[in-house]
Amino acid sequence: LQNDNPEQTIEATYLTQGMRWNADYVAIYSETDGHMSLKGWVTLVNQSGAQYTNAKLKLVAGEVNIAPQPQPMRGGAAYAKMDMSARVPQMQEEAFGEYHLYTLDRPTTIKQNQSKQVSLLTAPSVGVEKVYEFRGNLNYYSQVIPPQKDQKVGVYLKFRNEEKNGVGMPLPAGVVRVYEADSQGLLQFSGEDRIEHTPKDEEVRLKLGNAFDVVGERTQTDFQQVANNVNEAAFEIKVRNHKDKDISVDIVEPMTSDWIILQSSHEYKKKDAQTAVFTVPVSKDGETVVTYRVRVRY
């Protein structure tokens, strides 16, 4: 560069392949009051070959398209500890084109080969619902099947990402780890799930695992091939609850092709073109039996 002018300030902008970040969330769930506290953290990893001192940090979340340029990664990662008891600055969120921008409200330093955590959000009280789900299979309607004993019942938490529900901030994709307090008040890990980028006012659904004290059983009581392309199948579904309280279970039946339920012992909801859902109460130490007959045209 040749320049005969006096001293100047130059701003250089460049892209580096060695910086990355991811979001993680910790939820503390209370089944008693149906709420949870939610904290989000951003983990920064610097393997760019340079240190950034007192940098202004802005993170872009979304499906940003970048042309692939494979490069070998250098070195390992060193992990920085953070005093969680100190005041935790929050990141400010704003819309940015088709993405979302998260800005740290103070400068931060991240060294080469360092991982560092900064706070993303804190939501002290979020209304949440626990859902038990017993799910069927598409293959049940095209063939004779043996009885399905002691099948698992999935456990889910779901909440609306709304401001009136205590959140309302677009959530970057990441892993949500859920904890619950035991009888002595100690927090125990109860499951984790990964969420995708979630806009505000949308539903978040987390799978915690399978229920220990709730089991399902399915028996195909009849199967007929009515025509070359038409089958009829009848089922008896039992859900047993060995917990010390009453619960509600969603029996989710994935359907196939052109289907119609001819008769059923309980009301159902046609959730979409391929799903019927029976929502049934199951009393503590009790059993609920659901029967239905379906005709499927292929």
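Predicted model: local features only at pLDDT ≥ 70, side-chain atom pairs only at ≥ 80, totals over all residues.
Visitor: Hello! Among the elements of the protein, which strand has the lowest mean pLDDT, and which the highest?
Guide: Welcome! At the top end, with a mean of 98, is strand E19 (residues 275–282).

Visitor: What is the mean pLDDT of the protein?
Guide: Let's begin with the share of residues that reach 70 or more, which is 92%. The mean for the protein is 89.

Visitor: Over which residues is the pLDDT below 50, and how many contacts does this stretch have beyond near neighbours in sequence?
Guide: The stretch with pLDDT below 50 covers residues 73–88. Beyond near neighbours in sequence, its contacts in the model number 26.

Visitor: How many salt bridges does the structure hold?
Guide: One of them pairs Glu236 with Lys238, with the closest N and O atoms 4.0 Å apart. Both partners are partly exposed, Glu236 at 27% relative accessibility and Lys238 at 22%. Some salt bridges share partners and join Lys149, Asp150, Glu217, Arg240 and Glu287 into one network. The total for the structure is 18.

Visitor: How many residues apart in sequence are the parts that Glu192 and Arg177 tie together?
Guide: Glu192 and Arg177 form a salt bridge, and their closest N and O atoms are 3.1 Å apart. Glu192 belongs to strand E13 (residues 187–195) and Arg177 to strand E12 (residues 174–181), so the sequence separation of the parts they tie together is 15 residues.

Visitor: Are Glu253 and Arg218 buried or exposed?
Guide: Their salt bridge has its closest N and O atoms 2.7 Å apart. Glu253 sits in strand E16 (residues 247–254) and Arg218 in strand E14 (residues 203–227), so the pair ties together parts 35 residues apart in sequence. Buried means under 20% relative accessible area. Glu253 has 0% and Arg218 has 0%, so each counts as buried.

Visitor: The backbone oxygen of which residue lies 3.5 Å from a polar atom of the side chain of Asn231?
Guide: Asn231 is part of strand E15 (residues 230–241) and is buried, with 7% relative accessibility. Leaving out residues up to four places away in sequence, the residues it touches include Ser142, Phe223, Val294 and Tyr298. The backbone oxygen at 3.5 Å from its side-chain polar atom comes from another residue on that list, Tyr141.

Visitor: Which strands stand at the edges of the open sheet of three strands?
Guide: The strand order is E4-E7-E6, with antiparallel pairing. Neighbouring strands are turned by 25° against each other on average, direction ignored. The edge strands each have a single partner strand, so one side of each is left without a neighbour in the sheet; they are E4 (58–61) and E6 (91–96).

Visitor: Which residue in E7 stands opposite Met91?
Guide: Strand E6 runs antiparallel to strand E7 (residues 99–104), and six bridges join them. Opposite Met91, the residue in E7 is Leu104.

Methods: Residues numbered from 1 in each chain as written. Heavy atoms only, no water. Salt bridge = Lys/Arg side-chain N within 4 Å of Asp/Glu carboxyl O. Helix = DSSP H or I, 4+ residues; strand = E, 2+ residues; numbered from the N terminus. Buried < 20%, exposed > 50% of the residue type's maximum accessible area, 1.4 Å probe, protein only. pLDDT = per-residue confidence, 0-100. Contact = heavy atoms within 4.5 Å. Polar contact = N/O pair within 3.5 Å; in protein donor to acceptor, adjacent residues only side chain to side chain. Pairing = 2+ DSSP bridges. Axes fitted to C-alpha atoms, helices over the stretch in contact; angles between N-to-C directions.
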